[in-house]
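Reader: I am new to this structure. Please take me closely through one part of it, the charged side chains and what they link.

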Amino acid sequence: QVQLVESGGGLVQPGGSLRLSCAASGSIASINQMAWYRQAPGNQRELVASITSGSSRNVADSVKGRFTISRDNAKNSVYLQMNSLKPEDTAVYYCHGIITPASFFSQTTRSYWGQGTQVTVSS
C-alpha cells in the first residue's frame with residue numbers, strides 16, 4: 001500500500017537549520033498535493049506548509065520567511081527546509097499527501113499520513 005516516511009528530524013539549537021524529507025512509496029498513480037503539519041504536546045495539529053503538483057505553495061504565517069517547502073515529483077518526495085529555528089518550532093512534524101493509488105485494489109484519491117518525525121529546538 002501507499003506509505004509516507006519522514007526523516008531528518010532531530011535536536012538543533014535556536015537559530016539553526018534542519019531539512020525534513022518525506023518519501024511516498026507503493027503503487028502511486030499521482031500525488032495531487034503534499035504538505036507538512038506539526039503538533040506540539042498539548043496543542044492541536046497545525047498546517048505548516050503545502051505544495052500542489054504544480055508547485056503552488058502555501059506557508060503558515062508563523063514560519064513565513066524561515067521555512068521553504070519543495071517537492072520532487074520524479075522521486076515522489078516533499079521537503080521542508082527549516083532555517084532560523086525557534087524553540088516554538090519544537091513539535092512532531094507530519095508529512096501529508098493527497099494521493100491516487102495505482103494498485104489493483106484501489107484507484108481512489110485519498111489522504112495519507114506519515115508517522116511523524118520529532119524536531120526539538122533547544123539550547
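Author: Start with the strands. Strand 7 and strand 8 (residues 77-82) run antiparallel, joined by six bridges. Strands here are DSSP runs of E, at least two residues long, numbered from the N terminus. Two of them pair if DSSP finds at least two bridges between them. Thr68 has Gln81 in strand 8 as its bridge partner.

This is a predicted model, in which local features need pLDDT of at least 70 and side-chain atom pairs pLDDT 80 or more, while totals for chains, interfaces and linings use all residues. Residues count from 1 along each chain as its sequence is written, and side-chain values use heavy atoms, without hydrogens or water.

Next, Arg38. Arg38 sits in strand 4 (residues 28-39). Its relative accessible area is 6%, so Arg38 is buried (under 20%; exposed is over 50%, partly exposed in between, with a 1.4 Å probe and protein chains only). Beyond its neighbours within four places in sequence, Arg38 has contacts that include Gln44, Val48, Phe67 and Tyr93 (contact: heavy atoms within 4.5 Å). Val48 is ten residues along the chain from Arg38, with 6.6 Å between their C-alpha atoms.

The Arg38 side chain also makes polar contacts. One, of 2.7 Å, reaches the side chain of Glu46. Another, of 2.9 Å, reaches the side chain of Asp89. Such a contact is a pair of N or O atoms within 3.5 Å; within protein, one must be able to donate a hydrogen and the other to accept it, and residues adjacent in sequence count only if both atoms are side-chain atoms.

Side chains of opposite charge can pair when their charged atoms come close. The whole structure holds four salt bridges (a side-chain nitrogen of Lys or Arg within 4 Å of a carboxyl oxygen of Asp or Glu). Asp89 and Arg38 form one, with the closest N and O atoms 2.9 Å apart. Asp89 lies in the loop between strand 8 and strand 9 (91-101) and Arg38 in strand 4, so this pair ties together parts 51 residues apart in sequence. Asp89 is buried too, at 1% relative accessible area.

Arg66 also forms a salt bridge with Asp89, at 2.7 Å between the closest N and O atoms. Arg66 lies in the loop between strand 6 (57-59) and strand 7, so this pair ties together parts 23 residues apart. Both Arg66 and Asp89 are buried. Shared partners join Arg38, Glu46, Arg66 and Asp89 into one network of salt bridges.

Note on methods
Helix = DSSP H or I, 4+ residues; strand = E, 2+ residues; numbered from the N terminus.
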